[in-house]
Amino acid sequence: YIPLGGSKGSLLKQLRNVLIIFTVSGFWHGANWTFIIWGFLNGLYFIPLLLSQKNRSNLDTVAQNSKLPSLKEIFQIAVTFFITLIAWVFFRAENVSQAFSYLGHMFSASLFTIPQRRDTIPLILILIVVEWIQRKKQHGLEIDGIKFAALRWVIYYLVIFIILNFGGSQQQFIYFQF
């Protein structure tokens, strides 16, 4: 980023530099068009922040002094989650046509059906609540204090149990292909 000029120079050069760096980071993950598209999409996602000069804002915790997020924050969380899901389809797909096929299935009528694995919905909701409660911590399972050490380990083992029992079929770790 710095050899390209970083954030110095015209706005057009800054936008170019961001797109180049994100696209190259996609190529770094693998020599496949899916990774390049993933990187490029992340660069595109960053551009509105750069144009509005808000790329250094929103560094605080969501709902910093509140128990619940505002409607604006809920909308921002949902949009971020949505566009991240779109990009990660390309990261995980074996080729571009598979990615678009998967996206087509995502946005079909099946979007409004109840998932087949309904037993995982309560677990997902529990993890979302834990993440929300622990949002000011480095990670959701960061439980401080000696008196809570046993609770922390119970939670760790519970998470391992959930992963092993509900994790689905075994898949090769993504970076083993390099």
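Helices in this account are DSSP runs of at least four residues, numbered from the N terminus, and in the predicted model described here Thr34 is found in helix α2. The relative accessible area of Thr34 is 0%, so this residue is buried. When its neighbours within four places in sequence are left aside, Thr34 is in contact with Phe90, Phe91, Ala93, Glu94, Asn95 and Val96.

The confidence of the prediction may be considered next. The protein has an average pLDDT of 83, and 90% of its residues score at least 70. Among the elements of the protein, the highest mean pLDDT, 94, belongs to helix α4, which comprises residues 96-106, whereas the lowest, 81, belongs to helix α6, which comprises residues 149-166.

An α-helix has 3.6 residues a turn, so residues that are three or four places apart point the same way.

If residues up to four places away in sequence are not counted, Leu15 touches Ile47, Leu50 and Leu51. The C-alpha atoms of Leu15 and Pro48 are separated by 9.9 Å, although these two residues are 33 residues apart along the chain.

Another residue of helix α1, which runs over residues 11-29, is Ile21. With a relative accessible area of 31%, Ile21 is partly exposed, and together with Leu4, Ile20 and Val24 it forms a nonpolar patch on the surface, the four residues having about 280 Å² of accessible area together.

The loop between α2 and α3 was examined through two of its residues. Ala63 is found in this loop and has a positive phi of about 50°, although it is not a glycine. The relative accessible area of Ala63 is 4%, and therefore the residue is buried. Gln64 also lies in the loop, which is located between α2 (33-51) and α3 (71-92), but Gln64 is partly exposed, with a relative accessible area of 33%. In sequence, Gln64 and Lys136 are 72 residues apart, while in space the distance between them, C-alpha to C-alpha, is 8.2 Å.

Two residues of helix α6 complete the description. Trp153 has its place in helix α6 and is partly exposed, its relative accessible area being 47%. Trp153 is ten residues away from Ile143 in sequence, and the two are 9.5 Å apart in space, C-alpha to C-alpha. Phe166 is likewise found in helix α6, and it is partly exposed, with a relative accessible area of 29%. Leaving aside neighbours within four places in sequence, the contacts of Phe166 are with Arg117, Asp119, Thr120 and Leu123. By contrast, the C-alpha atoms of Phe166 and Val79, which are 87 residues apart along the chain, are separated by 27 Å.

Methods: Residues numbered from 1 in each chain as written. Predicted model: local features only at pLDDT ≥ 70, side-chain atom pairs only at ≥ 80, totals over all residues. Heavy atoms only, no water. Patch = residues over 30% accessible without salt bridge, like charges linked within 9 Å, V, L, I, M, F, W, Y side chains within 5 Å. Areas by Shrake-Rupley, 256 points an atom, 1.4 Å probe, with all protein chains shown as cover. Salt bridge = Lys/Arg side-chain N within 4 Å of Asp/Glu carboxyl O. Buried < 20%, exposed > 50% of the residue type's maximum accessible area, 1.4 Å probe, protein only. Contact = heavy atoms within 4.5 Å. pLDDT = per-residue confidence, 0-100.
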